Amino acid sequence: KNSLEYTLKLEEFNAKDNFIRTVKDYPTTGNVKNIARQDINNYVKNPTKIWKQISIQPLKNGRKLKGFKVTRVLRGSEMAQLGLQKNDIIIRVNNIELNSFKKVTDFYANINKIKEVEIVVLRNNEEKELAYEIH
């Protein structure tokens with residue numbers, strides 16, 4: 001694809017684990033990371049797995065929501081492998097400004113239909129894009 005060569009790596013799955021760890025830093029184009037659809041489905045069915053790995057807080061300017069501040073990322077977790085870091089401020093997802101809780105819940109409600117995710121975070125007062133392809 002686009003003059004790039006890809007290697008498929010298969011991992012052994014132990015049913016006792018009850019969760020597949022397939023997030024890998026294998027770029028597809030630039031810094032795009034691959035995420036298994038099965039992992040997304042696991043998070044949708046078990047959202048508490050997300051909160052064991054990461055904590056976020058709404059960030060407001062007065063009453064206006066400006067985004068979500070990452071207050072904790074479990075070292076070595078899938079969320080850490082995705083590139084999220086403590087003190088990141090998540091401001092956009094797929095060009096949607098995260099300035100209302102409704103926009104966040106609408107995005108989450110449609111996560112099973114999404115093939116690509118682009119998250120924009122403020123890190124050290126600079127915007128950084130984190131991009132993912134869901135397979």
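Arg92 is located in strand S4, which spans residues 89-93. In this predicted model, the residue has a relative accessibility of 17% and is therefore classed as buried, the limit being under 20%. The side chain of Arg92 makes a polar contact of 2.9 Å with the side chain of Glu127. When neighbours within four places in sequence are left aside, the contacts of Arg92 are Glu97, Leu98, Glu118, Ile119, Val120 and Glu127.

The chain that holds this site contains four helices and seven strands. Their order along the sequence is β-α-α-β-β-α-β-β-α-β-β. Of the 135 residues, 35% count as buried. Among contacts in the chain with a separation of 6 or more, 45% join residues 24 or more positions apart. The accessible surface amounts to about 9500 Å², and carbon and sulfur atoms account for 50% of this area.

In soluble globular proteins, nonpolar side chains tend to be buried together. The largest nonpolar core of this chain comprises 24 residues, and Ile90, Val117 and Ile119 have the most contacts inside it. Two or more residues each are given to this core by H1, S3, S4, strand S6 (116-123) and S7. Strand S3 provides the largest share, with four residues. Ile90 touches Gly67, Phe68, Val70, Leu84, Leu98, Ile119, Val120 and Val121, with residues up to four places away in sequence not counted.

Helix H1 covers residues 37-45, and its buried residues are Arg37, Asp39, Ile40, Asn42 and Tyr43. The cover over these buried residues includes strand S1 (33-35), helices H2 (48-53) and H3 (78-81), helix H4, and strand S7 (126-134).

One aromatic pair was found in the model. The pair is formed by Phe68 and Phe101, whose rings are arranged edge-to-face, at 5.8 Å centre to centre and with 70° between the planes. Phe68 belongs to strand S3 (residues 64-73) and Phe101 to helix H4 (residues 101-109), so the pair ties together parts that are 33 residues apart in sequence. The two partners fall into separate accessibility classes: Phe68 is buried, with a relative accessible area of 8%, whereas Phe101 is partly exposed, at 43% relative accessibility. Phe68 is also one of the residues touched by Ile90.

How values were computed:
Residues are numbered from 1 along each chain as its sequence is written. This is a predicted model: local features need pLDDT of at least 70, side-chain atom pairs count only at pLDDT 80 or more; totals for chains, interfaces and linings use all residues. Side-chain values use heavy atoms; hydrogens and water are left out. Rings of Phe, Tyr and Trp (its six-membered ring) pair if their centres lie within 6.5 Å; planes under 30 degrees apart count as stacked, over 60 as edge-to-face and the rest as tilted. Buried means under 20% relative accessible area, exposed over 50%, partly exposed in between (1.4 Å probe, protein chains only). Contact means heavy atoms within 4.5 Å. A polar contact is a pair of N or O atoms within 3.5 Å; within protein, one must be able to donate a hydrogen and the other to accept it, and residues adjacent in sequence count only if both atoms are side-chain atoms. A nonpolar core is a set of buried Ala, Val, Leu, Ile, Met, Phe, Trp, Tyr and Cys residues joined through side-chain atoms within 4.5 Å. Accessible areas come from the Shrake-Rupley method with a 1.4 Å probe; for residues, only the protein chains shown count as cover.
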